[in-house]
Amino acid sequence: QVQLAESGGGLVQARGSLRLSCAASTRTFSIYAMGWFRQAPGKEREFVAVINWSGISTYYSDSVKGRFTISRDNAKNTVYLQMNSLKPEDTAVYYCAASPILWQLPHSAYEYDYWGQGTQVTVSS
C-alpha cells in the first residue's frame, strides 16, 4: 500500500498563487506516475495534471494549462503542484494519486490505485 498526504491548501485571492505538496510513505515512489485531481462541490472528480515516474514528461488539462506546473522530487518522495493565476473556478478539494502505469500518462481516475485525503483550495473573487 502507498500512503499519500496532501498539504498546502488554503484561501487565496484570484490571480494569486499556491503550491500544493503530496508526500508518499514508500521508497518505491519513483516507479509511480503521480497525478493531481480536484473535486468542486456538486461536481465530479476532475483530472488536473500528471507527471511520469522519472519526472521528464507531464500532461495537463486544458483548464489549467499554462497556469499550473506539476513536478516531483523522488529523493523526497514528494510531488508538487504549483498553481499560478488562480481563478475562482479553481476552488475545489485537490487530491494527489499514484498510478502504476509507466508506458503512458494516465488521466483517468480509474488508472490510479492510491489516493490522498485531499486538501481544500479556495479562490476568492
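Is S21 buried or exposed, and what is its relative accessible area? S21 is buried, because its relative accessible area is 19%. Buried means under 20% relative accessible area, exposed over 50%, and partly exposed in between, with a 1.4 Å probe and protein chains only.

This is a predicted model: local features need pLDDT of at least 70, side-chain atom pairs count only at pLDDT 80 or more, and totals for chains, interfaces and linings use all residues. Residues are numbered from 1 along each chain as its sequence is written, and side-chain values use heavy atoms, leaving out hydrogens and water.

S21 sits in strand β3. Strands are DSSP runs (E, at least two residues), numbered from the N terminus. The contacts of two residues follow, where contact means heavy atoms within 4.5 Å. Residues up to four places away in sequence are left aside for S21 and for Y94.

| Residue | In contact with |
|---|---|
| S21 | A5, E6, S7, W36, T78, V79, Y80 |
| Y94 | E6, L20, W36, F37, R38, V48, F68, L81, M83, G118, T119, V121 |

The largest nonpolar core holds 31 residues. Such a core is a set of buried Ala, Val, Leu, Ile, Met, Phe, Trp, Tyr and Cys residues joined through side-chain atoms within 4.5 Å. L4, M34, W36, L81, M83 and Y94 have the most contacts inside it. Strands supplying at least two of its residues include β3 (18-24) and β9 (92-99).

There is 1 disulfide (cysteine sulfur atoms within 2.5 Å). C22 and C96 form it, with sulfur atoms 1.9 Å apart. C22 lies in strand β3 and C96 in strand β9, 74 residues apart. C22 and C96 are buried. The S-S torsion is about 50°, so the disulfide is right-handed.

Conventions: Helix = DSSP H or I, 4+ residues; strand = E, 2+ residues; numbered from the N terminus.
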